[in-house]
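Here is a short briefing to read beside the structure. Keep the view open and look up each residue as its name comes up.

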Amino acid sequence: MSLAAQLPALQIVVPLLTAPVLVLLRGANLAWAAATAASVMAFVIAVALTLEVQSVGVIVYEMGAWPAPFGIELRIDGLNALVLLVITGASALTLLCGRASLAGEIDPDRLALFYAAWLIALAGLAGIAVTGDAFNVFVFMEISSLATYIIIAAGPNRQALTATFKYLIMGTVGATFYLIGVGLVYMMTGTLNFADMEARIGEVTDQRPILVAAGFITVGLALKAAVFPLHVWLPNAYTHAPHIVTAFIAACSTKVAIYVLLRFDFVVFQGNLTGHAFQFASFLAPLALLGILIGSAVAMFEGHLKRLLAYSSVAQVGYILLGASFASKAGITAGVVHMFNHALAKGALFLAVAALAMRLSGLRLADIAGAGRTMPWTAAALALAGASLVGIPGTAGFISKWLLLSAALEQGPLGIVAVVVIVLSSLAAVIYMWRVIERLYFGTPAGNALSASEPPWMLVAGVWVAALANVYFGLMPGLPVGLSEAAAEELLRHLP
Amino acid sequence: MELLGLFNYWVFAVLLMVGFYAVIAKPNMIKKLLGLGIFQAAVFLLYITMDKVEGGTAPIIQPGVDAIYSNPLPQVLILTAIVVGISTTALGLAVVVRIYEAYGTIEEDETQRQDLDA
């Protein structure tokens, strides 16, 4: 077999095998170089897989040449490809430009170990996105979660430790719920392969265990995805993690959980449980709407920049799920596109925050006042990414909000409520992003904002690449929208 | 008879809730981790119970012996899940040690109070 045929496996293997090498290397700079190389390679593999999915359709890879359902199957369609692009792109970009910021926050002796944990997290996330096996998802989920706890706990303040502990408890409960659900499905069907489950659940005569399994899996993954009101771990974890880590996990960790949620609820359960679409929508739509409103409202009154953006993430997870809960092609397309666009916007914003943090004494809104004059490039990128978060036309955020609004309008009375909520929350986003931008540009400089200079050019370049990606995908949304439409069709084949 | 036949599943449900209660209600972080351990152990029991086939024996194929075998797959799965559980507990304990060094306490409400005061 040629190397190209092995790409799905290499997607996991490259970061996973580089990690122990880093532990042996020990030198901080060497470790950074190797971790970045592995991440960039993972990104290249993801791009190659995306191109292949676009040209030939679904890629199936039999791990160890054991045919499914006996062996573990890696399966990549449009949705997986999009998630892979987000994960590996976020990792490559944040590592490429984040070296100076990370070196300032983490003990140099531990940097090599930190990068190793980062790569394991990347391998776990990529593993979730490529595998077609429900138990394999659990294992990769725990690999990525455990590694994520480690890189969050590397934050400089002691609050990072308590935030990690909270995340660890809630994350493990979520994963265990998922495991119970998978166990119940296995008990009734005798299979762990997604495609095989889909075919066999229909033969089960007693549907009750499957229904219970659907409940456990949905709630467990909602915990991992920080769906309101299960989001309480997220603001502290985002706020106290090292800034570059926040940029990485904000771009991908919740998205991956949402991906598994969509895969399970639409592909496995949808065709086999009576009234599942209605149950799914009536469970998640209210939570999504509440999450959007409350996340945006809290963000409006938050005084700490990272915490403000973290609460905004709670609202954005709501947008993604709101799209999915419409259970229509337009709705799912909008949700999946927003998954991609929100990763772009939040990744760029948190990178800009990392750049600000390198030169300023703190990240409260009072601390960043006036930094727009001394750090013009960083501030401009932050404003651009903020515009994408709000949904200004010409940016990526606009595309997904537009798709979401048009999907909502198809939905009748519920859709009107959704439209009102989306508009209100967009106004709230204007307010909270404006508070940041107003302070940056028009605030009276205090403390070391007066003497601040631009951070290292690598970081500024990274922030700008991310910010310009928002504009690029705002003007040319073909790639994410095309993949999302393919994904929506794949997910909706069970709906009439 | 129905009750006894489902005995393992009742134990699963009770253990799950006992562990979950400890995770939610106890402010002490070590007790939370203990609760998490019980919570996970309950799920191990669920998997191990479901693989039992009545009259089944250990799934080792021997020539000339025609027996009913129990399903080995859940046991393999749960071996993996146990490893995951151990790693989680180890990492959790390591974090608690660091929290104790930083705060001088492992009571969650106390650490929150210290953060608010600071």
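**A glutamine and its surroundings**

Leaving out residues up to four places away in sequence, A:Gln11 touches A:Ala42, A:Ile45, A:Ala46, A:Leu49, A:Leu84, A:Ala126 and A:Val130. Two residues are in contact if their C-beta atoms, placed from the backbone, lie within 7 Å. This is a predicted model: local features need pLDDT of at least 70, side-chain atom pairs count only at pLDDT 80 or more, and totals for chains, interfaces and linings use all residues. Residues are numbered from 1 along each chain as its sequence is written, while chains are lettered from A and ligands numbered from 1 in the order in which they are written.

**More on A:Gln11**

- A:Gln11 is found in helix α1 (residues 7–25) of chain A. Helices (H or I, at least four residues) and strands (E, at least two) are DSSP runs, numbered from the N terminus.
- A:Gln11 counts as buried because it has 29 C-beta neighbours inside 10 Å. The cut-offs are 20 or more other C-beta atoms within 10 Å for buried, 12 or fewer for exposed, and partly exposed in between, with C-beta atoms placed from the backbone.
- From A:Gln11 to A:Glu438 is 427 residues in sequence and 43 Å in space, C-alpha to C-alpha.

**The nonpolar core**

- The largest nonpolar core has 237 residues. Such a core is a set of buried Ala, Val, Leu, Ile, Met, Phe, Trp, Tyr and Cys residues joined through C-beta atoms within 7 Å.
- Those with the most contacts inside it are A:Ile87, A:Tyr115, A:Leu119, A:Ala348, A:Ala352 and A:Ala385.
- Neighbours within four places in sequence aside, A:Ala385 is in contact with A:Ala345, A:Ala348, A:Leu349, A:Ala352, A:Ala466, A:Ala467 and A:Asn470.

**Where the chains meet**

- The contact takes 21 residues from chain A and 26 residues from chain B.
- On the side of chain A that touches chain B, α6 (134–153) and α7 (159–189) of chain A each supply at least two residues. α7(A) gives the most, with 14 residues.
- That side of chain A divides into 13 nonpolar, 6 polar and 2 charged residues. Ala, Val, Leu, Ile, Met, Phe, Trp, Tyr, Cys and Pro count as nonpolar, Asp, Glu, Lys and Arg as charged, and the others, Gly among them, as polar.

**Confidence**

- The predictor gives the complex an ipTM of 0.93 and a pTM of 0.92.
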